[in-house]
Amino acid sequence: MGEDFNTDSMLDMFLYESEQLLETLENVVLEKKDEDCFDEASINEIFRAMHTIKGSSGIMMYENITKVSHKLEDVFYYLRESHPENVPHLELVDHVLEVSDFINGELDKIKEGEAPDGDESKIVDEIDKFLTRIKTGIEKKGEELPPENTYVEPAQFYIAPTGSESSKYYKVSIYWRADTEMCNIRAYTAVYSLKEIVEDMQYIPDDIITNEASGEVILADGFHMMLKCQCLEEEIMSAIGETSGMDRVEIHDCSKQEYEMGFHDHGDEPIIIELEDKAKEPEQKEKKEPAPGDYVIKSKEAGKGKKLAKNQPKPQPKQTYISVNVEKLDALMDMIGELVISEAVVLQNPDLKVPGLDLTNFQKAAGQLSKITTELQDVIMSMRMMSLTNTFQKMNRIVFDVSRKLGKDIELEVIGENTEVDKNIIEHISDPLMHLIRNSVDHGIESKEDRIAAGKDPKGKITLEAKNEGGKVYIIVRDDGKGLNKQALYDKAKNNGLIGNRAMSEFTEKEIYQFITYAGFSTKEQVTEYSGRGVGMDVVVKNIQSVGGNLEIDSTEGVGSEMTLKIPLTLAIINGIVMQVGNSTFVIETNAVKEFVRIRRDMLVKEPNGEEYIMLRNECYPFIRLNQRYHLEGSKTEIEDGIVVVLEHESKFICVFIDELIAEQEIVVKPIPSYIRKVQGLSGCTQLGDGSIALILDIAGLIAGEERK
């Protein structure tokens, strides 16, 4: 029954496909924004996207989305049919992006469980005025306007059997790829699209709306329709359109008698020969004898007639995909983490250290277990990896919008957008990346007049690059603007009380550039929509540090600036070094360790205020005793009895005093529970093989704590 149909699956599919279509639409528009007009392929792409969203939103009864998508579809319908000249291209781009933003906003409301109640009237009126100008231009050229792109409200789903002697009959079969979900909803969309151009229709399965299980039947056997209409095959294909997951569409002529028989048994399967001249009526088609080699006889199965098929090359195996809820991947990632911990518990069990045990067979089995566990980690990591393509493409829209509002001419160059990063990290870096791009557009790139005066190309350029190096991902935002003025940065920081009375000579160039990441710092004298409030860059740094990354800034005044995000590939499992301090265990990420050294007493420098430093190869490093920092008992106090670990973060070094090293192993990172007060210098915790808890040191936090002293 209809009331048993799962509308949640329809909603999920509507949201997913609408977002995919809008993303494609934006990419097409931004790619062609600097052209004189949209080419035919782009017009068809945008028309299909709007047509699909119009139909699916009509089915879901989201009227405001239906109205704006239909109105924009009207515009591209006339562009496609009449090819008018002198269409205001940038104005059209604005209208398309405005519709895209409106629909995206309504989709966000739907996802939050709210009603999509946005007022579309203003957008519809503006596009309607734009469309009127296009029509006027068509009429002035003396051309006849194409028929109206009418839209029928989806009230009931029945097509009255009308027609005439000139009606054509077709059998249409649609097949979807093996990984496609909810094929019954996709079939319904195809039927709904065709109902505006056909006179009568039959389809099988006939319960696509009331029976969700029909989707599995369609996926296995395809969706088959019998059509009675006045249109050609090309019009049928255009109405069906191309949706995600669709593998192929087959359209065959059939006779009136075959149509009236519908999908009943026709006896033995007939020999079907497709002729090239499909414009002729079926009874007028000339019989064409098969040429030798054109056809082969397939082996006959019991009870079935022989079937002729054309010789075709063997199809290449296709990659199959399946959509999985990301929450399931997160749960699987957690289970893999627990498996890694359990493996350590087994392999490091104290019972195995009993003298005299023969562990030969156990070691073999343990080696196989470790191999499988490592492979499992690699597989789940690869499943969670996503390319930065979508994130980078969103930056293209930001550059376009902000540069136009600021009156600047800027192009965005994208390099390495296929670089892959863990999905959770992508979610954390989207906002920081947006801030960096906006800063480059607003602060970095000069106005056109200033660039001409400086002998530069009037058109500014921002480069967004991503690459993998040494287990980290580097995302670089580079501009050819005015660069950073060190003296201005120093004066601003000093006037704002951010650096005390320290002289400029006490800072390196990169340290001065880092001033712009301090909270409350801004070089913008006038507050604008995009900057000048002294917030943003400090948030960028905090968000990047929350995923274990850091920001490096480099600049040449008058030439440009370069900001580099260094982030790990994944957050879940890291290589760490386990170390002991008193009765407590700590872990440091292996990549942060520069070296381990034994220190003599004469290498230790102690200041009157109690601060200590290590002189190592004529370099002075800040020195931290973890036992004193965290009030640990039972630890070594003599500098010569323990080990000093030299740690590096963002080209800054710090030395940490520990009792002993235990092992290097894979560490499953767990957050410190929220009910425990956050302690500076600690970023998380993990469970070791013996069941004990080890704290993970935050190198950035330790260095920041020393700098504030």
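Visitor: Which residue stands opposite Val172 in β4?
Guide: That's Ile251. The two strands involved are β1 (residues 168-176) and β4, and they run antiparallel. Keep in mind that this is a predicted model, where local features need pLDDT of at least 70, side-chain atom pairs count only at pLDDT 80 or more, and totals for chains, interfaces and linings use all residues. Residues are numbered from 1 along each chain as its sequence is written, while side-chain values use heavy atoms, with hydrogens and water left out.

Visitor: What makes β1 and β4 a pair?
Guide: The cut-off is at least two DSSP bridges between two strands. Seven bridges join β1 to β4, so they pass as a pair. Strands themselves are DSSP runs of E, at least two residues, and helices are runs of H or I, at least four, numbered from the N terminus. In general, strands of a sheet pair through backbone hydrogen bonds, either parallel or antiparallel.

Visitor: Why do β2 and β4 count as edges?
Guide: The open sheet has four strands in the order β2-β3-β1-β4, with antiparallel pairing. β2 (198-204) and β4 (246-253) each have a single partner strand, so one side of each is left without a neighbour in the sheet. Ignoring direction, neighbouring strands are turned by 20° against each other on average.

Visitor: Which helices pack on this sheet, and at what angles?
Guide: Helix α6 (residues 183-194) lies across β1, β2 and β3 (223-229), running at about 5° to β3. Helix α8 (residues 233-240) touches β1, β3 and β4, and makes about 150° with the direction of β4. The axes are lines fitted to C-alpha atoms (for helices over the stretch in contact), with angles from 0 to 180 degrees between N-to-C directions. Contact means heavy atoms within 4.5 Å.

Visitor: Why is α10 called roughly antiparallel to α11?
Guide: Helix α10 (residues 326-347) and helix α11 (residues 360-384) pack at an angle of about 160°, with their axes 10 Å apart. Angles over 145 degrees count as roughly antiparallel (under 35 roughly parallel, 65 to 115 roughly perpendicular, the rest oblique). At about 160°, α10 is therefore roughly antiparallel to α11.

Visitor: What handedness does the crossing of α10 and α11 have?
Guide: Left-handed. A crossing gets that label if the near helix is turned anticlockwise from the far one by less than a right angle, and right-handed if clockwise. Residues in this contact include Leu329, Leu332 and Ile336 of α10 and Phe362, Leu369 and Arg384 of α11. By class there are 15 nonpolar, three polar and three charged residues. Nonpolar covers Ala, Val, Leu, Ile, Met, Phe, Trp, Tyr, Cys and Pro, charged covers Asp, Glu, Lys and Arg, and the others, Gly among them, are polar.

Visitor: How do you know how α13 runs relative to α17?
Guide: The axes of helix α13 (residues 423-444) and helix α17 (residues 537-546) come within 9 Å and cross at roughly 150°. That angle makes α13 roughly antiparallel to α17. The crossing of α13 with α17 is left-handed. Among the contact residues are His428, Pro432 and Leu436 of α13, facing Met537, Val540 and Ile544 of α17. Here the classes come to five nonpolar, five polar and one charged.

Visitor: Is Gly58 buried or exposed, and how do you know?
Guide: Buried means under 20% relative accessible area, exposed over 50%, and partly exposed in between (1.4 Å probe, protein chains only). Gly58 has 8%, so it is buried. Gly58 is in helix α2 (residues 40-59). Gly58 and Tyr192 are 134 residues apart in sequence, yet their C-alpha atoms are 9.9 Å apart.

Visitor: What about His631: buried or exposed?
Guide: His631 has a relative accessibility of 69%, so it counts as exposed. His631 is in the loop between α18 (626-629) and β20 (643-649). Its phi is near 55°, a positive value in a residue other than glycine.

Visitor: What makes the peptide bond between Ile204 and Pro205 stand out?
Guide: The bond is cis, with omega about -5°. Pro205 is in the loop between β2 and α7 (214-221).

Visitor: How much of the protein chain is buried?
Guide: Buried residues make up 44% of the 709. The chain has 19 helices and 24 strands.
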